[in-house]
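Subject: Structure handover

Hi,

Here is the structure I promised to pass on to you. Please open it alongside this message, and my notes follow below.

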Amino acid sequence: MRTLARLVLALLLAAPLAGAQTVRDDLDQDGVADDADACPDTPAFDLVDAAGCSVCDCEATASGAPWSSRGDYVRCVVGTVRERRIDGTITRKEARATLRAARSSACGEHLVRCCVMFDGQDEGMCRVMDELRCDAGILRANEVTDLGAGSCLPNPCVR
């Protein structure tokens with residue numbers, strides 16, 4: 001009986017947090033089923049609306065214009081996180097992960113995620129920097145890739 005109780009407890013702990021709902025057939029894991037998802041490839045940690053599209057899209061503001069700065073993008077995420085914490089639709093843990101990803105993003109003018117790879121390593125370093133600095137010669141690296149806008153969380157620099 002104790003083994004059964006431990007198994008049930010382990011399953012409960014492994015289940016998604018109360019604020020996140022598990023949806024079958026949700027490849028981007030944003031909480032919106034693929035058959036109803038208008039934006040099926042939202043990045044990890046993006047807050048989405050009922051249609052599955054990013055509320056604070058890294059690529060552009062609600063009007064379609066690019067963000068003037070990373071600070072403006074982060075303010076959008078902070079405001080949305082605050083609203084969702086108040087109405088209870090996200091947990092504290094989810095809010096922290098979302099804010100961390102926003103702060104490590106390249107959303108804003110002239111910023112990119114730069115993958116710096118070194119010989120013999122399968123995982124590189126992702127750094128947010130000015131697009132002109134993302135250069136193998138400047139960074140003294142074997143391989144450098146400009147990934148454009150987005151977040152360095154989770155690390156996209158994996159071979």
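First, a definition: a residue is called buried under 20% relative accessible area, exposed over 50% and partly exposed in between, using a 1.4 Å probe and protein chains only. This is a predicted model, in which local features need pLDDT of at least 70 and side-chain atom pairs count only at pLDDT 80 or more, while totals for chains, interfaces and linings use all residues. Residues are numbered from 1 along each chain as its sequence is written, and side-chain values use heavy atoms, with hydrogens and water left out. Helices (H or I, at least four residues) and strands (E, at least two) are DSSP runs numbered from the N terminus.

Arginine 140 is not a glycine, yet its phi is positive, at about 55 degrees. It sits in the loop between α4 (136-139) and β3, and because its relative accessibility is 76%, arginine 140 counts as exposed. Phenylalanine 45, also not a glycine, has a positive phi of about 75 degrees. That residue belongs to the loop between α1 and α2, and with 38% relative accessibility phenylalanine 45 counts as partly exposed.

There is a cis peptide bond to look at as well. It joins leucine 153 and proline 154, with omega about -10 degrees, and proline 154 is in the segment after β3.

Now the disulfides. A disulfide is a covalent bond between the sulfur atoms of two cysteines; here a pair counts when the sulfur atoms are within 2.5 Å. Searching the whole structure gives six of them. With the bonded cysteines of the chain numbered in sequence order, the pairing reads 1-2, 3-5, 4-6, 7-10, 8-12, 9-11. Three of these links are worth a visit:

- Cysteine 39 is bonded to cysteine 53, S to S 1.9 Å. The torsion about their S-S bond is about 80 degrees, so this disulfide is right-handed. Both ends are in the loop between α1 (2-14) and α2, 14 residues apart. Cysteine 39 is partly exposed at 26% relative accessible area, whereas cysteine 53 is buried at 18%.
- Cysteine 58 is bonded to cysteine 107, S to S 1.9 Å. This link is left-handed, with -115 degrees about the S-S bond. It connects the loop between α1 and α2, where cysteine 58 lies, to the loop between α3 and β1 (111-117), where cysteine 107 lies, 49 residues apart. Cysteine 58 is buried, with a relative accessible area of 10%, and cysteine 107 is buried at 0%.
- Cysteine 115 is bonded to cysteine 157, S to S 1.9 Å. Their S-S torsion is about -85 degrees, so the disulfide is left-handed. Cysteine 115 is in strand β1 and cysteine 157 in the segment after β3 (143-146), 42 residues apart. Both of these cysteines are buried.

Next, the interior. A nonpolar core here is a set of buried Ala, Val, Leu, Ile, Met, Phe, Trp, Tyr and Cys residues joined through side-chain atoms within 4.5 Å. Which members of the largest core touch the most other members? Out of its 13 residues, they are Tyr73, Val77, Val81, Ala102 and Cys107. Two elements, α2 (70-87) and α3 (92-103), each give two or more residues to this core, and α2 has the largest share, with four. Leaving aside residues up to four places away in sequence, alanine 102 touches Arg70, Tyr73, Val74 and Val77 (contact means heavy atoms within 4.5 Å). Apart from this core lies another of six residues, including Cys114, Val116, Met129 and Cys134.

Finally, the second largest pocket. A pocket is an open set of points on a 1 Å grid over the protein atoms alone, where a 1.4 Å probe fits, with protein on both sides within 12 Å along at least five of seven lines; lining residues have an atom within 4 Å of a point. Its volume, the space filled by probe spheres set on points joined across faces, edges and corners, is about 370 Å³. The lining has 28 residues, and Pro43, Ala44, Asp46, Cys58 and Gly150 lie nearest the centre. Both α2 and α3 give two or more residues to this lining, with the largest share, three residues, coming from α3. By class, the lining of the second largest pocket holds 17 nonpolar, six polar and five charged residues; Ala, Val, Leu, Ile, Met, Phe, Trp, Tyr, Cys and Pro count as nonpolar, Asp, Glu, Lys and Arg as charged, and the others, Gly among them, as polar.
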